[in-house]
Every structure is written in C-alpha cells, then in structure tokens.
Amino acid sequence: QLFVNASQELWRIPETLFGIFFEEINHAGAGGIWAELVSNRGFEAGGPNTPSNIDPWSPVGNLSYIIVSTDRTSCFDRNKVALRMEVLCDSKGSNICPSGGVGIYNPGYWGMNIEQGKTYKVVLYVRSLDSVDIVVSFASSDGSRTLATDHIRLTASDVLNWKKVEILMVAQSTDHNARLQLTTTKKGIIWFDQVSAMPLDTYKGHGFRKELVDMLARLKPQFIRFPGGCFVEGEWLRNAFRWKETIGPWEERPGHFGDVWMYWTDDGLGYLEFLQLAEDLGALPIWVFNNGISHNDQVDTSTVFPFVQDVLDSIEFARGDPNSTWGSVRAAMGHPEPFDLRYVAAGNEDCWKKNYRGNYIEFYNAIKNAYPDINIISNCDGSSRKLDHPADLYDFHIYTSANNMFSMGHQFDHTSRAGPKAFVSEYAVTGKDAGTGSLLAGLAEAGFLIGIERNSDVVHMASYAPLFVNTNDRRWNPDAIVFNSWQQYGTPSYWMQTFFRESSGATLLNTTLQASSPSSLITSAITWDDPVGNNNYLRIKIVNFGSSIVNLKISIDGLEPNSIVLSGSTKVVLTSNNLMDENSFGAPNKVVPITSQLQTAGKDMDVVLSPRSFTSFDLIR
Ligand code: AHR
C-alpha cells in the first residue's frame, strides 16, 4: 500500500533540479544540433600546417583534369589554410573537361539533408588570377542527380583578392544523403576557403537543427551544462576547448581537433552559441571551463593564472556590460544583453589529480572576488565525505548497471544535509543492460531520479549523459537522442525524463510505501499549480522494477472530498514487451509513454502496475 499525504508538503523542489548536459561527443554538435552542413569548411582539419587534412572534401574529376592542394594563403589570420584547385581542362581545346565539370565536393556529415522546397544559404570565399565561372550545386551522393544549382560568375578584378560570395538556393527535390559541389569547366587556378551551407530555417533562427532542439525543448530543461565532459579537458591541453577560439565571425574561428572523441570541429557551435541555446531553451547555462588540467597533462598551480584570467574573461563575455572589454565582443556578435550565467564548473572528473585542489582554489577565489553571486561547482564528490575546499555544489557522476542504478534511488538518503549541494551532472545505465538504449536502462534511471526527487533538499541538479549520438559516429553508448542527417528518436532514457519535466519547482509530498524490503517499487508524489489552466496537479510516480504485476492500493490523505476532476486526470505508462526493447529509426515509438484517461480516481485507488514499468498518475484538483 502507498500512502500519499497531500497536505504534508515536505519542501519546494529546486527550480533547477532537472536539466540537460550537452557534450560535443558522438558528433552531437558538429554534424548534430549545429545545422552547418559542410564538414571541415575551412580545409583546416589537422591543424594549421599544410598539407592539411581536407577530409571529407574530395575532387570531382581525376588527376588529368584537376590538381587539388592546400596552401596558407587564406585572408583569415587564425586559419590560414585555403584550398587551391588547379583546373587543367577547359570547355574547348585539347583537354576538354568532362560534362558537369570538375571541382570539389563535400558530403557533409555522412550526407547532407537537402529537402525539396527548403532554402539553403551557401557562403564561400573565392580567389583567382582570372575570371571564374563556378557552378554551386547540391547533388545526390554520386553527383548524378542535381537538387539545386546556381552560378558564381565573377571577373578577374572581382576575385583578385578574396571575395565573399553568398547564395540562397531552393532545393527542387529531396535527398537525405546529398553533397555540395563546386565545379567549373574553365581552366585556371581557384582558391576556396570557408565554405558554409546552412538551412535558412533553424531553431529560433540561431543556427540549430530544429527537430533536435525541439526534442530538448520537450524536456523543459532548467539548465544546460556544456560543452563537456572530457571534451572540455582534452587528452592534451593543446586540444582542450578554448572559448576565445570559438567566438567572433564564424569564418575567423580556427576550429580544433577534439582529441578525446577524436574528431575535428569547426567550432561554429562556439561559446556564444551555447549561451544562446540555453537562452532559447529557457535554461540556465552551466559553463564547464578547463581548469588547466587535461587527461594527460596539467598546469602547475603556480602558473595557472592565465587560465584563471581566461575564465574571468569568459564570465565577462557572458554577462558583462556591453561596454566592458569582453561584453563588447558579445554585443558585437549581436547579443548586447547579458546572458544569465549563474553557474560555472571548474573542470571535469579530475578531483583526484595532483593539481586539482590547488588550481581550484585559485579559480574559486578569483571568481568569487569578481562575481560573488556565481555558483562554483567542484569536481570532488561531497556525498560521502565533507569537501576540504569551498564550493556551492559538487559534481557527481554515475555510470553503472541497471540493478545498481535502481538501488541508487537511495544513494542520497544518508548524505549529510549540511554543506554544498549535489549536482548529478552525468548519470546513465551502461554496458550490457543498456545496449544502445533499452527499456531496462530507462526504468533503472527513473528509479534513480525518483530517489533524487525525494532527496532534492541535497541534490539540486541532475542531467543524463550523453545527450546525443549521430549513428554514424557512436563514440559512447547509450545516449538519450539518436539521429542521422534527417531522422531522430528518443531512447527510453529520453522518454523517462519527460516524466520529470514538471518536477523542478514543484512541491514534494510525503509518501510512505508499505512493501517488502528491498522493494522492487520506488515512488514519489509532487504537486504543482499549472499557471495556464489554473489547475492544481498531483502526480504520483511509481517504478515497478520487478518482473511481476503489482496490485497497489494508493491512499491519499488530505484531499478535499470529491476534489479530483476526472476529466484530464491521466495515467502515463512507459513499458514494453521485453526488457531490452529499444527504439530505432524504423520503430521510433516502440518504447514511449502511453497516456490514458483515468476512469476512476479518488482518495483510495486500486491500481495495477505492469511488470517492469514506470507509471505516473496525474490527478487534477
Ligand atoms: O558522458 C561521457 C563522458 O563520461 C564524459 O565526457 C565524461 O565526463 C564521463 O567520463
């Protein structure tokens, strides 16, 4: 039997409790939520040296028609590499170009999604010693079918110096695996640099792939932790995320090789874009900065000050006055209003490293001195023992088996109520229980989150990890949202989070479960006022982690007689036939919450809980 005391309000759950953690992993950003279609747009992958790695660019035409190389003649100081294309054939004479011309193409991130009727903006920089006649086209993956096409015809004097060209192209047909081509049938040498192609229609017009960000918005995240994870650290400091290299005009950003997850990012999704995404989602940004520590090297505390100054600059960039040094850079990028940056985290998973504490204290003192209201998150786990340094929150990560995750619903029951609060910034069931996103994993995590809700006096934030995976580059399993160039679906771990989206800021009620111990059930009850409909909701969530049906009697104390409005009161269930069931592109809704109208509801309810299920009873008062 479950007793819910609707009049015994324990506390208001923190507004910030449930959010998301975005890491540039699995091509979550480059080739993911950042809608740029061109991969390696500046031919810079591999760093500033030439020859540079131009992958995935390839020539159209063979060596008897075209020679492709790189040099350092770009007009952009921070990314000097440009592509040099020497065309040996012509439209007349002894070496006639193949029909369709020769040139280069970019397949994007495992194919570009070009959709009929949609408009795409192509921007590129071009230079030549002679006039140019270039065909810009979106084509099928083998180049045989053209989806959209346009011409760049410029005189020699137009292109003697680098010339920026912008074109809007409307697709005449659809291909989810398309490529961008730049071709010509004119002999000569052409240099290209910073070639970009983006759909015009992006989330709030800010460059994000709409359907993917819609999935984030559906979670109503209260915060977004970014940009990693290990991505922040780097295998080596030289490859860590450096925010100053990711701001300013996109053409001028050098890009960098993320050496933990082993891919190049053009950094179109940079520090400002992360802050913008947070703002667009109505979520608080949580900026995880590099604290002078990577996986393999670390800066000594005596010399960490440049890193400290860099972080102070980043805070000024985010929330400084538009007249301040870095606030003015933000304003020049089109965002004069400060962002609502209230939280920063000093590094990721490196509490155990030699210089962590020393470096942390330098960051802590400098940030608190300049910005006393900023909350600082330590990497050291304060759940089992008192931290030996000041912090507003401490970070807690857990990747484990399903059984262990479910039993961790009680992880914070005995944590000291004094001291900094927990930020469970990464949690997930991994390994064989999870596959690439199983029901079993989602249920165990739901049990863990119910435990977090019940301990939200000491846990102030929680986010699943990782958030996204592009199926073409799975660096980590499982993930909450799976996508390719044009499709996406949520794993059960994504859907179970939707049960918690009203929890942040709601009121936790007292519940008592009378069951055998250890129980395969875990429950919580919350209440909140719906600001739109003027209703009051009472939500009772129950995970049945066992393999048997459970007949449960729910008794709600403190309800006014006949106060439940049946119409609109619902039961939502997440379950499936098999524990290891997963969603897929072919069956994206195999394991999703199913909502049904409640037929009866009142002070006493006899409910049936399916084996291995997560159920939410939403009662309207
Ligand atoms: O979420 C994937 C990785 O797991 C993160 O980068 C890191 O913080 C953790 O080890």
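**Exercise 1. The second largest pocket**

From which domains does the lining of the second largest pocket draw at least three residues each?

*Solution.* This is a predicted model.

Step 1. The assignment gives domain 1 (2–13 + 506–620), domain 2 (20–35 + 202–223 + 277–498) and domain 3 (58–199).

Step 2. Look at the centre of the pocket. The lining has 23 residues, and Lys220, Arg501, Glu502, Trp528 and Arg539 lie nearest the centre.

Step 3. Turn to the elements. Helix H10 (492–498) and strands S27 (521–530), S28 (535–544), S30 (565–574) and S33 (613–620) each supply at least two lining residues. S27 gives the most, with three residues.

Step 4. Conclude. Domain 1 and domain 2 each contribute at least three residues to this lining.

**Exercise 2. The largest pocket**

Explain why the largest pocket lies between domain 2 and domain 3.

*Solution.* 

Step 1. Start with the volume, which is about 690 Å³ for the largest pocket.

Step 2. Find the elements. Strands S8 (119–128), S11 (163–170) and S13 (188–199) each give at least two residues to this lining, as do helices H4 (271–281) and H6 (325–332).

Step 3. Draw the conclusion. Domain 2 and domain 3 both give residues to the lining, so the largest pocket lies between them.

Step 4. Sort the lining by class. It holds 11 nonpolar, 10 polar and seven charged residues.

Step 5. The C-alpha centres of domain 1 and domain 3 are 57 Å apart.

**Exercise 3. Around the ligand**

Which residues surround the ligand?

*Solution.* 

Step 1. Name the shell. The residues around the ligand are Glu23, Gly229, Cys230, Trp261, Asn348, Glu349, His397, Tyr399, Glu426, Ala465, Pro466 and Trp476.

Step 2. Classify the shell. Six of its residues are nonpolar, three are polar and three are charged.

Step 3. Check the cover. On its own the ligand has 280 Å² of accessible area, and the protein covers 94% of that.

**Exercise 4. Backbone exceptions**

Most residues other than glycine have a negative phi, and most peptide bonds are trans. Describe the peptide bond from Thr50 to Pro51, the bond joining Ala465 and Pro466, and the phi of Gln194.

*Solution.* 

Step 1. Take Thr50 to Pro51. This bond is cis, with omega near -5°. Pro51 sits in the loop between strand S2 (20–21) and strand S3 (58–60).

Step 2. Take Ala465 and Pro466. A cis bond joins them, with omega about -15°. Pro466 belongs to the loop between strand S22 (459–464) and strand S23 (468–470). Ala465 and Pro466 are also among the residues surrounding the ligand.

Step 3. Take Gln194. Its phi is positive, near 45°. Gln194 lies in strand S13, and S13 supplies at least two residues to the lining of the largest pocket.

Terms used: Residues are numbered from 1 along each chain as its sequence is written. This is a predicted model: local features need pLDDT of at least 70, side-chain atom pairs count only at pLDDT 80 or more; totals for chains, interfaces and linings use all residues. Side-chain values use heavy atoms; hydrogens and water are left out. On a 1 Å grid over the protein atoms alone, a cavity is a set of points where a 1.4 Å probe fits but cannot get out, and a pocket is an open set with protein on both sides within 12 Å along at least five of seven lines; lining residues have an atom within 4 Å of a point. Grid points are joined across faces, edges and corners, and a volume is the space filled by probe spheres set on the points. Helices (H or I, at least four residues) and strands (E, at least two) are DSSP runs, numbered from the N terminus. Ala, Val, Leu, Ile, Met, Phe, Trp, Tyr, Cys and Pro count as nonpolar, Asp, Glu, Lys and Arg as charged, and the others, Gly among them, as polar. Domain bounds come from an automatic or database domain assignment. A residue is near a molecule or strand if one of its heavy atoms lies within 4 Å of it. Accessible areas come from the Shrake-Rupley method with a 1.4 Å probe; for residues, only the protein chains shown count as cover.
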